[in-house]
Amino acid sequence: MREDDVAADPVDARLAARLAARLAELRAEHGWSLGELAERSGVSRSTLSRAERAETSPTAAVLNRLCAVYGRTMSRLLSEVEAEPVLLVRAAEQPVWEDRPAGFVRRSVSPPHAGLRGELVEGRLAAGADIAYDRPPVPGLEQHVWLLEGVLEITAQDVEHHLAAGDCLRMRVWGPTRFRSPGPGGARYALAVVLP
């Protein structure tokens with residue numbers, strides 16, 4: 001998968017439109033042109049332009065690069081485009097974002113909330129899915145990955161960890177990470193994220 005690939009169909013067109021508007025706002029708040037943001041993020045100018053106009057939905061890898069530039073977690077960015085946060089998040093109201101070409105589905109179980117440093121995410125990787133992030137959205141980000149189903153291989157700080165159902169990997173993320181579902185079935189995990 002190239003960094004400029006885009007997800008095929010956004011799960012929620014309204015969420016995609018709000019995400020596009022928020023990405024454009026963030027760039028404007030920093031006073032950057034599309035070219036400057038492209039240089040800082042390593043994402044092509046055309047991909048950034050299409051994402052800001054809601055012509056495409058960015059992939060997990062592209063969103064991760066943008067989050068790193070803006071100093072936000074992916075959950076925090078996505079929460080900024082949702083309606084007012086609530087204390088009780090019903091299952092039917094938990095935002096779901098999908099990167100279909102990569103075989104990745106992300107549910108924001110407990111989205112970020114003002115004054116809270118932690119969040120909870122459910123991730124699903126299809127069998128064979130392999131997602132690499134070149135940097136954390138926030139250096140030193142604390143993550144706890146609890147594998148609920150399947151098998152998951154996570155590489156962090158050049159060390160590969162093999163998780164079976166029930167295992168939990170705790171880490172601070174400083175550099176590249178890779179999540180891989182070797183199969184034969186997919187993997188489902190809970191991810192607790194805590195800002196440093």
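The chain's secondary structure comprises five helices and 12 strands, taken as DSSP runs (H or I of at least four residues for helices, E of at least two for strands) and numbered from the N terminus. This is a predicted model, where local features need pLDDT of at least 70, side-chain atom pairs count only at pLDDT 80 or more, and totals for chains, interfaces and linings use all residues. Residues are numbered from 1 along each chain as its sequence is written, and side-chain values use heavy atoms, with hydrogens and water left out.

**Whole chain**
- Of the 196 residues, 47% are buried, meaning under 20% relative accessible area with a 1.4 Å probe, protein chains only.
- Among contacts (heavy atoms within 4.5 Å) with a separation of 6 or more, 69% join residues 24 or more positions apart.

**Helices α2 and α4**
- The axes of α2 (residues 34-41) and α4 (residues 60-70), as lines fitted to C-alpha atoms over the stretch in contact, come within 9 Å and cross at roughly 100 degrees.
- The two helices are therefore roughly perpendicular to each other, a label for angles of 65 to 115 degrees.
- Leu37, Arg40 and Ser41 of α2 meet Arg65, Leu66, Val69 and Tyr70 of α4.

**Ser41**
- Ser41 belongs to helix α2 and is buried, with a relative accessible area of 1%.
- A polar atom of the Ser41 side chain lies 3.2 Å from the backbone nitrogen of Val43.
- Leaving aside residues up to four places away in sequence, Ser41 touches Leu48, Arg65, Leu66, Val69 and Arg135.

Methods. Buried < 20%, exposed > 50% of the residue type's maximum accessible area, 1.4 Å probe, protein only. Axes fitted to C-alpha atoms, helices over the stretch in contact; angles between N-to-C directions. Parallel < 35°, antiparallel > 145°, perpendicular 65-115°, else oblique. Polar contact = N/O pair within 3.5 Å; in protein donor to acceptor, adjacent residues only side chain to side chain.
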